[in-house]
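Subject: Structure handover

Hello,

I am passing on the structure we spoke about, with some notes for a new reader. Please have the model open while you go through them.

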Amino acid sequence: MLRTSRRGPGHIEAALTLVGCGSVGPLGHNGPVTGPVTHDRSEALFARAAAVTPGGVNSPVRAFRAVGGTPRFIRSASGARLTDVDGLEYVDLVGSWGPMLLGHAHPGVMAAVQEALARGTSYGAPTEAEVDLAEEIVGRTPVEQVRLVSSGTEATMSAVRLARGFTGRDLVVKFAGCYHGHVDALLASAGSGLTTLAVPGTPGVPETATALTRVLPYHDRDAVTALFADEGDRIACLITEAAPGNMGVIAPDPGFNRFLAATCADAGALFVSDEVMTGFRASRRGQWGLDGALEGWSPDLMTFGKVMGGGFPAAAFGGRADVMQMLSPVGPVYQAGTLSGNPIAATAGLATLRLATDDVYARITEVGDAIKDAADKALSDAGVPHTVSSAGTMFSVFFAGGPVRDVDDAQRQDTTAYAAFFHAMLERGVYLPPSAYEAWFVSSAHDDAAVETILAALPAAAAAAREAARG
Ligand code: PMP
């Protein structure tokens, strides 16, 4: 077996339960055992992975670079828990970055998927599951029509193209710190000279790809008003996360999204609300259920992903019927996908949404509140500057004093303190996002024992954060 010298900090992990995996367990044992804790299998896999995949991972944050150490390779997951290839079990607060609203391997979702699998995996022709899923999405949100795609990136890319095709205009407006997938035109940050001029956020995106993108500070109404006064007749759309979740979770000020929708409407631009993360998560009807539904406005276009795919690669964009009718094959704006509306993914998403009852959201609220309160108390007791921030049932903990209202505030975080906190939690059997800039995702499968594991780990993790804190 390949070995590397990389080890996570500390070895308190002996306190963890080692779980066997039944009769063919890679550890060669059944049931809980105690003994020295190792990460040999994760380390060996990471070394193999790094030889054949850049950084050893297929999406960057998974590599633990922001917190150090070796990523855990996961073998299985059930309910609120992950089991890694070394047989260590963790209470999961990542939830596949949002999709696992019902927890892992929910019996209802698994049964639906197994039934669908027996009928084949992809046909490249329409299916009933796609119609059912589209109807479910239309039933919960203000969109009149929806098209299924395979990732959130595809959804936002397609929504921007559609907005440009519909309006015949070319400019796209976004906010600094909002992430909409790795679409070239949206991988831009504000340039230092002119605050709104977008410069590519990564090599590989040419300046011409972001030349038509404008980036504004989140929550800055004056900047929005000024830009629309200046260039409003060129703006195809303004896209925003319905509630930012990719710089940590920030709730939009009351009325902020309504203001954006109205500003777009006045200028003849489209308002695109990205609910890839918040959709069917922040509330049953997403962030829109917390503002637009109550205030009486709707986005022109919306994007969805994560929960609506039930853990499979499925996403969607939708909106006003007159705008959606611009899409091929009815309209001239081209958009397509070999695996779009894949029957297994559509089945998993549909089962997830149908099982996401009010009880599910009530449980997620209850679990989230317990974790937020305990994290707040533990960090306060330890004297670690922090801000607990939520949007509906979504939340994160910033390792910086508040208020946190935009990306500049979020970047005041003490990421060194977070790294220590993260590892202390991991050693105590809690899997947090390996970056300070991410939401903590709970599920309705987080039972009392899972919550207890998290609460029990917090005081020592807060102390570790204090120890590591800057200054
Ligand atoms: N939009 C938002 C708001 C997201 O949070 C994400 C993913 N985190 C995306 C778009 C991109 O989705 P995907 O990773 O499926 O391409």
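The notes below go from the domains to the core, then to a few strands and the ligand.

Please bear in mind that this is a predicted model.

Domains. The assignment divides the protein into domain 1 (107-355) and domain 2 (357-429). Their centres, taken over C-alpha atoms, are 26 Å apart. Where the two domains meet, 20 residues of domain 1 are in contact with 17 residues of domain 2. On the domain 1 side of this contact there are eleven nonpolar, seven polar and two charged residues.

Core. The largest nonpolar core has 139 residues. Those that touch the most other members are Ala163, Cys237, Leu238, Leu270, Ala316, Phe421 and Val430. Both domain 1 and domain 2 supply at least three residues to this core. As general background, nonpolar side chains in soluble globular proteins tend to be buried together.

Leaving out residues up to four places away in sequence, Val430 touches Tyr90, Val91, Leu93, Met425, Thr453, Ile454 and Ala457. Two of these contacts, Tyr90 and Val91, belong to strand S3 (residues 89-92).

Strands. What does S3 pair with? On one side of the account is strand S2 (residues 81-84), which runs antiparallel to S3 and is joined to S3 by three bridges. Leu82 stands opposite Tyr90 in this pair. S2 and S3 make a hairpin with four residues between them, and Gly87 in the turn has a positive phi of about 85°. S3 also pairs with strand S15 (residues 430-431), here in the parallel sense and over two bridges. In that pair, Asp92 stands opposite Tyr431.

Are the faces of S3 buried or exposed? Both are covered: Glu89 and Val91 are buried on one side, and Tyr90 and Asp92 are buried on the other.

Ligand. There are 16 residues around the ligand, and the ones that come nearest are Ser151, Gly152, Thr153, Gly181 and Val276. Helix H4 (residues 152-167) gives the largest share of this shell, with three residues. By class, the shell has five nonpolar, nine polar and two charged residues.

To find your way around, I would start with S3, as Tyr90 is named both as a contact of Val430 and as the residue opposite Leu82.

Regards

Definitions and conventions
Residues numbered from 1 in each chain as written. Predicted model: local features only at pLDDT ≥ 70, side-chain atom pairs only at ≥ 80, totals over all residues. Near = placed C-beta within 6 Å. Nonpolar A, V, L, I, M, F, W, Y, C, P; charged D, E, K, R; others polar. Core = buried A, V, L, I, M, F, W, Y, C linked by C-beta atoms within 7 Å. Buried ≥ 20, exposed ≤ 12 C-beta atoms within 10 Å, placed from the backbone. Domains from an automatic or database assignment. Contact = placed C-beta atoms within 7 Å. Pairing = 2+ DSSP bridges.
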